[in-house]
Amino acid sequence: MNPTIRELDFERDRAAAYRIYTEIGWQTEPDGDSFGCLLKMGHKLVADVGGHAEAMSQTVLGDIRHLETSIPAGFVCGITVSHVARKQGLASRLTAMAVARDAREGAAVSLLSAFELGFYNRIGFGIGSHMRRIAFDPANLRIPVPYRAPERLTKDHATEIADARLKRMRLHGSCNLSLDFTLGEFHWIEKWFGLGFRDADGRLTHGLVMTGKDKENGPYMVHAAVYQNHHQLLELLAVLASLGDQVHLIRMIEPHGVHVEDLLTQPFKDSR
């Protein structure tokens, strides 16, 4: 039977979508609010094989910053194919159809995080900017700003954190997706906690979202560092430094335009 591609029906396809995600290892928790939130984000197409959804695409609209200009963009957030529907060309078809739909809705650029460049090259994607993942002992951070005690942030503050992320300092190549997508990401991250700061009017301006507090000595992983200027970034790094008495390793994506080695007392020792 030839696969049929159609729009996702949330109620009809939820169980099948969950089965796909568990088969490929993207979902390990029971089907609940987090998965439901993920499934409602953006635009979804599914491919029916034998009367059941066995492959799915998901895209979200947003923008990418080019120098000082924000360009409308479509983000391919997931192309998933079950174990029984491989090698039928479904991933390529779903990706091409999803990208075409985003273009019709105004996206000038399409972006994704590739699992294999050879696959996505066939439908026109190339290499974008690289992210530099760093790891360091926070006790070795020397930050030239006074330390302030941060506020504890929890899932009750997720909307505020997501809103602050959309209003963060934007540099060339930075991407903004919808508020709902960012909230969905916070649902997806397990056991996260946050630390942050507010302005005089009580608005959350900068903060960190991390995991690892169930491990006494780390490592901690910084999933998001949100700030509006470099002074605020230094305040966030000072918060990380304050954890150095107990936590011995922190991993994060290096902030754009900053070399954290400049702020470490012994950067090459950390590297070794």
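Predicted model: local features only at pLDDT ≥ 70, side-chain atom pairs only at ≥ 80, totals over all residues.
Residues are numbered from 1 along each chain as its sequence is written, and side-chain values use heavy atoms, with hydrogens and water left out.

**Exercise 1.** Find which residues line the largest cavity.

*Solution.* Begin with the term: on a 1 Å grid over the protein atoms alone, a cavity is a set of points where a 1.4 Å probe fits but cannot get out, and lining residues have an atom within 4 Å of a point. A search of the whole structure finds one cavity of 30 Å³ or more. The largest cavity holds about 50 Å³, a volume being the space filled by probe spheres set on the points, which are joined across faces, edges and corners. Its lining consists of Leu153, Ile161, Ala164, Leu204, His206, Gly207, Leu208, Val209 and Val226.

Next, sort this lining by element, where helices (H or I, at least four residues) and strands (E, at least two) are DSSP runs numbered from the N terminus. Helix H5 (158-166) and strand E10 (204-211) each give two or more residues, and E10 gives the most, with five.

**Exercise 2.** Describe the lining of the second largest pocket by class.

*Solution.* A pocket is an open set of points with protein on both sides within 12 Å along at least five of seven lines. The second largest pocket has a volume of about 210 Å³. Of its 15 lining residues, Glu29, Ser34, His187, Trp188 and Glu190 lie nearest the centre. Now count by class: five are nonpolar (Ala, Val, Leu, Ile, Met, Phe, Trp, Tyr, Cys, Pro), five charged (Asp, Glu, Lys, Arg) and five polar (the others, Gly among them).

**Exercise 3.** Locate leucine 67 and lysine 87, and decide whether each is buried or exposed.

*Solution.* Leucine 67 sits in the loop between strand E3 (52-66) and strand E4 (69-81), with a positive phi of about 55 degrees although it is not a glycine. Lysine 87 belongs to the loop between E4 and helix H3 (90-104), and its phi is also positive, near 60 degrees. For relative accessible area, buried means under 20%, exposed over 50% and partly exposed in between (1.4 Å probe, protein chains only). Leucine 67, at 53%, is therefore exposed, and lysine 87, at 87%, is exposed too.

**Exercise 4.** Find which residues the cis peptide bond joins.

*Solution.* The bond links glycine 218 and proline 219, with omega about 5 degrees. Proline 219 lies in the loop between E10 and strand E11 (220-226).
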